[in-house]
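Work through the exercises below with the sequence and coordinates open. Each task is followed by a solution in steps.

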Amino acid sequence: MYDLIIFIVLLAMGYGFGRYAETKHYKSIINREKELNSIPAIATKILVPARNDLNSQLVTGNVVISIDYFKRFIAGLRNIFGGRVTSYETLLDRARREAILRMKEEAKKLNAELVFNIKLETSSIHKGRGNSIGSVEVLAYGTALYPH
Amino acid sequence: MEYSNPELPEGINTSKDNPLKEFFILTVGLLAVVFVVISALILIVDNFADKIPFEMEKELPISGFIENLETEKLPPYLEQVTQKVLSTFELPENMKITFHYVNDDTVNAFATLGGHIVLYRGLLEKLNSEDELAMVIAHEIAHVKYRHPILSVSHGVVVGVVLTAVSNSSGNSVVNDIMGQTGMASIMKFSRDYEYQSDKEAISSLIKLYGHADGALGLFKVFESEFGKDNSFEFLATHPLTGNRISQTTKMISESNLTSNNSMIRYPDEFKMWLKQQKEKIEKPK
């Protein structure tokens with residue numbers, strides 16, 4: 001019986017804290033995205049027209065986010081029944097946007113006009129314990145262009 | 001070329017549904033599927049398991065396990081009561097029951113494969129009357145009569161095989177654990193049904209012997225004072241809650257138009273003495 005109680009407490013904690021962290025994070029993401037909207041981040045490799053009056057520098061943004069107990073449990077159930085793993089969708093969405101934001105913040109420090117050729121890399125962190133740890137790392141990097 | 005950087009709407013890559021909804025649908029679905037599949041398998045197995053001849057059951061290497069318990073011969077009084085209770089059962093000829101006594105404080109008695117029934121001193125001490133003792137013995141004999149030990153072992157094997165086969169299928173240890181627990185809960189459902197069935201059979205045996213079934217109520221009261229009031233969920237237990245066993249018993253008593261609060265046959269003094277000596281015997285070396 002105690003196992004059951006511990007499990008329910010863990011689930012409730014995961015749900016409560018996970019929900020709180022997610023809502024807070026989304027709020028912050030949306031605000032900062034508005035702030036940094038003036039620095040476009042574009043995926044193209046070649047800039048047209050090429051400008052010679054700008055310096056270029058690599059900018060990166062890196063984030064690691066962990067999933068909570070509740071979401072991991074739902075994802076485990078989804079592995080049996082199939083379907084959209086919605087609980088991981090928000091995790092990855094947040095991680096990608098946060099990584100781009102951190103990259104843009106670096107670009108802003110350089111007074112950059114834009115960041116081009118941006119790339120995203122995702123990896124899961126589990127060190128062989130894939131079943132028990134659900135952390136994801138997203139790295140965003142690109143070339144920032146800033147005036148001389 | 002004009003480059004614009006519009007604000008993107010939220011919710012493209014994510015779902016707005018409350019995850020609790022998904023949680024309940026998936027959890028209830030999983031529990032139901034596991035429970036139904038395992039119960040169906042158990043019912044199929046039951047059709048075969050009770051066809052296993054009792055002789056084969058006796059040949060299983062269970063005697064080693066019994067020997068390890070350091071069992072002793074029954075004293076004359078216990079022998080007498082067990083024979084008395086046995087006489088109320090119409091057991092098949094090949095179903096020979098062997099009683100064992102263990103000088104240990106454990107408050108328990110059990111029936112196992114091969115018709116072995118083990119009585120612990122700890123339980124005998126807690127009882128006050130022959131009626132209660134007869135209830136214990138009759139309950140265990142009923143387990144053997146209905147082949148409950150072999151059925152339970154078969155359930156364990158089936159559920160074990162199935163759960164081993166599907167474990168890790170979800171890739172999540174918690175989910176696998178939940179599936180395992182649900183499998184166990186299904187087994188326990190059957191285990192509890194067996195307890196009720198044995199209680200019923202034992203009560204009819206008591207009625208044959210004494211004309212009333214107060215021994216059953218007495219025994220369950222001993223359980224209540226010994227193990228405390230029920231403080232767990234029944235679906236997590238191998239045995240029904242004592243309260244539920246009492247209500248089944250009272251129901252049976254009223255259906256059979258029996259009186260309650262009859263006087264029960266007290267333990268004879270010499271048996272009480274013997275129990276005391278037994279206790280001292282194992283306490284002395286300390």
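A crossing is left-handed if the near helix is turned anticlockwise from the far one by less than a right angle, and right-handed if clockwise. The model is predicted: local features need pLDDT of at least 70 and side-chain atom pairs count only at pLDDT 80 or more, while totals for chains, interfaces and linings use all residues. Residues are numbered from 1 along each chain as its sequence is written, and chains are lettered from A and ligands numbered from 1 in the order in which they are written.

**Exercise 1. Helix crossing between the chains**

Determine how α2(A) and α1(B) pack, and the hand of their crossing.

Step 1. Helices (H or I, at least four residues) and strands (E, at least two) are DSSP runs, numbered from the N terminus.

Step 2. Axes are lines fitted to C-alpha atoms, for helices over the stretch in contact, and angles run from 0 to 180 degrees between N-to-C directions.

Step 3. The crossing of α2(A) and α1(B) is left-handed.

Step 4. Two residues are in contact if their C-beta atoms, placed from the backbone, lie within 7 Å. From α2(A), the contact is made by Ile74(A), Leu77(A), Ile80(A) and Phe81(A). The residues of α1(B) that take part include Phe23(B), Leu26(B) and Leu30(B).

**Exercise 2. The sheet of chain A**

Derive the strand order of the open sheet in chain A and locate its edges.

Step 1. Chain A has three helices and three strands, in the sequence pattern α-β-α-α-β-β.

Step 2. Two strands pair if DSSP finds at least two bridges between them. The three strands give the order β1-β3-β2, with antiparallel pairing.

Step 3. β1 (54–66) and β2 (114–125) of chain A each have a single partner strand, so they stand at the edges with one side lacking a neighbour in the sheet. The average twist from one strand to the next is 15°.

Step 4. β2(A) and β3(A), the latter residues 135–147, are antiparallel and joined by 10 bridges. In β3(A), Ala144(A) stands opposite Val115(A).

Step 5. Helix α3 of chain A, residues 86–109, lies across β1, β2 and β3 of chain A and runs at about 145° to β1(A).

**Exercise 3. The sheet of chain B**

Step 1. Chain B contains 11 helices and four strands.

Step 2. Two bridges pair β1(B) with β2(B), residues 98–102, in the antiparallel sense. Thr71(B) stands opposite Val102(B) in β2(B).

**Exercise 4. Positive phi**

Asn111(A) and Arg147(B) have positive phi values without being glycine. Is each buried or exposed?

Step 1. A residue is buried if 20 or more other C-beta atoms lie within 10 Å of its own, exposed if 12 or fewer, and partly exposed in between, with C-beta atoms placed from the backbone.

Step 2. Asn111(A), phi near 65°, is found in the loop between α3 and β2 of chain A. This residue has 10 other C-beta atoms within 10 Å and is exposed.

Step 3. Arg147(B), phi near 60°, lies in the loop between α6 (130–145) and α7 (148–166) of chain B. With 21 C-beta neighbours inside 10 Å, Arg147(B) counts as buried.

**Exercise 5. Chain dimensions**

Compare the radius of gyration of each chain with the globule rule.

Step 1. The radius is taken over C-alpha atoms, and the rule is 2.2 Å times the number of residues to the power 0.38.

Step 2. For 148 residues a compact globule would have a value near 15 Å, but chain A has 19 Å. For 286 residues the rule gives near 19 Å, but chain B has 25 Å.

Step 3. Along the principal axes, the C-alpha trace of chain A spans about 70 × 30 × 25 Å, and the C-alpha atoms of chain B fill a box of roughly 110 × 50 × 45 Å.
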